[in-house]
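Could you take me around this structure, one selection at a time? I have it open in a viewer and would like to know what to click on next and what is there.

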Amino acid sequence: MSKNKQGILLVNLGTPDEPTAKAVSKYLKTFLSDSRVVDLPKFIWQPLLRGIILPIRSPKVAKLYASIWLDEGSPLYVYTKRQAQALAQKMPDIPVEFAFCYSNPTVKMAMDSLLDQGVNDILVLPLYPQYSCSTSAAVFDAVARSLQKRRAIPSLRFIRDYATFEPYIDALILSIKAHEMTHGRPEKLLFSLHGIPVRFAKQGDDYPIRCKATVDAVKKRLEEEDGWDPEIIQLTFQSKFGKEPWLTPATDASIESLAKNGVKHLQVICPGFTADCLETLEEISIGSKEIFEEHGGETFSYIPALNDSSEHINLLLELIKKNLSANT
Ligand SMILES: C=CC1=C(C)c2cc3[nH]c(cc4nc(cc5[nH]c(cc1n2)c(C)c5CCC(=O)O)C(CCC(=O)O)=C4C)c(C)c3C=C
Ligand SMILES: [Fe+2]
Ligand SMILES: [Fe+2]
């Protein structure tokens, strides 16, 4: 038996290579062809996806990406790369690679690179604090696929979820408090998490339970430690896609109703996103602000994702250490 050599694989969703309709179409095609994400029968879904959805959606979404694009690339790519680099610096003896389920670098590319470096024991960390079949399980599938042609596969460990991991809750609380120092305490603070179809939850995806667990843990601590009124904090779900019912309450409808009911100062945090991306920078920071102001709200701010902050890197390090040492 060869000596144990550990490696880390960080995986996030994916993002287009460029903010162009062509690149967005390529990325969305890969993403929305995964049956973990859209589980309609292929013969119905593929013609709809290729014939209608991609041609209509790609140019629109490309413009939105262009509005948030950074010099170094898509925000999701930039922050995920920085997270991997920062972790590698903290753990010089352990190879760290990052990958995306639906774009470059792919899980297969990152896996090949780890194996080329002699790694035979891999800790997979999907960058989703709350488990969902549409995200974490899709990472699991991609990892399995990446090893399909190998005669020898490495030992594998998989972090399913870290919704209530204490250092994660600590980091969220720190970011809320730091924001409060400059923006004040809001009348309402929405915890906006990405939605999923209600059907997925009914079929056993515990994602809504894990989202509530994160929100409850933060709420309890803010109440106990800083005297926050727990009524200030509300859980909502964003980014509905498609016609069937998704988790409610919806972020956009909740914001409209809060503004109409006289709430003047609103803040939104998106704790399910480990890096800022289209769904936070465009949909929330720009879109939600517009909805709030349109309906009478006055002061809106978005609390940034943990991104490559030292608090985030330290919490990921704690999570990795806990999972590495538990099994060696
Ligand atoms: C953080 C957790 C996420 C869950 C759960 C999730 C489920 C889910 N998403 C879609 C459809 C789309 N999501 C899109 C973008 C997107 N989604 C997540 C994360 C989760 N998705 C991220 C991090 C991103 C941003 C990527 C970026 O490049 O910035 C998109 C593409 C953008 C758009 O066209 O609006 C779609 C589509 C479904 C159907 C789903 C669960 C079934
Ligand atoms: Fe999504
Ligand atoms: Fe969206």
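Start by selecting Glu279, which sits in helix α10, residues 278-294. Keep in mind throughout that this is a predicted model. Is Glu279 buried, partly exposed or exposed? It is partly exposed, because 18 other C-beta atoms lie within 10 Å, and a residue counts as partly exposed when that number falls between the limits of 12 or fewer for exposed and 20 or more for buried. Leaving out residues up to four places away in sequence, Glu279 touches His194, Gln238, Ser239 and Phe273.

The unreviewed UniProt entry gives the feature "binding site" at His194 and Glu279. These positions are spread over 86 residues of sequence, yet they cluster in space, with a largest C-alpha distance of 8.3 Å. His194 belongs to strand β5, residues 188-194. Histidine 194 is buried, since 26 other C-beta atoms lie within 10 Å. Beyond residues up to four places away in sequence, His194 touches Gln238, Ser239, Gly272 and Glu279.

**The sheet with β5**

Next, colour the strands β6, β5, β7 and β8. In that order, these 4 strands form an open sheet with parallel pairing. Which strands are at the edges? They are β6 (233-238) and β8 (299-303), each of which pairs on one side only. On average, neighbouring strands of this sheet are turned by 25° against each other, direction ignored.

Zoom in on β7, residues 265-269, and its partner β8: the two run parallel and are joined by 5 bridges. Here you can find Leu266 standing opposite Phe300 in β8.

Then bring in the helices. Helix α8 (residues 207-226) lies across β5 and β6, and runs at about 155° to β6. Helix α9 lies across β5, β6 and β7, running at about 135° to β6.

While you are at α9, which covers residues 251-260, pick out Ile255 within it. Ile255 is buried because 30 other C-beta atoms lie within 10 Å. Apart from its neighbours within four places in sequence, Ile255 is in contact with Leu266, Ser288, Ile291 and Phe292.

Now move to β2, β1, β3 and β4. In that order they make an open sheet of 4 strands, again with parallel pairing. The edge strands are β2 (96-100) and β4 (155-158), and each pairs on one side only. From one strand to the next, the twist averages 25°.

Look at β3, residues 121-126, which runs parallel to β4 and is joined to it by 4 bridges. Ile122 stands opposite Leu156 in β4. Helix α5, residues 136-146, packs on the sheet and touches β1, β3 and β4, with a direction that makes about 150° with that of β3. Select helix α4 (residues 107-116) as well: α4 lies across β1 (6-12), β2 and β3, running at about 165° to β2.

**The nonpolar core**

Show the side chains of Leu9, Leu10, Val11, Cys101, Val124 and Leu125. Among the 85 residues of the largest nonpolar core, these touch the most other members.

Not counting residues up to four places away in sequence, Cys101 touches Val11, Leu13, Gly14, Val107, Ala138, Val139 and Ala142.

**The two domains**

The protein is divided into domain 1 (6-162 + 310-325) and domain 2 (166-303). How far apart do the C-alpha centres of domain 1 and domain 2 lie? The centres lie 24 Å apart. The contact takes 24 residues from domain 1 and 22 residues from domain 2. On the side of domain 1 that touches domain 2, the elements giving two or more residues are α2 (42-68), α3 and α11 (310-325).

Key:
Residues numbered from 1 in each chain as written. Chains lettered and ligands numbered in written order. Predicted model: local features only at pLDDT ≥ 70, side-chain atom pairs only at ≥ 80, totals over all residues. UniProt positions renumbered as here; feature names shortened; annotations may be inferred. Contact = placed C-beta atoms within 7 Å. Core = buried A, V, L, I, M, F, W, Y, C linked by C-beta atoms within 7 Å. Pairing = 2+ DSSP bridges. Axes fitted to C-alpha atoms, helices over the stretch in contact; angles between N-to-C directions. Domains from an automatic or database assignment.
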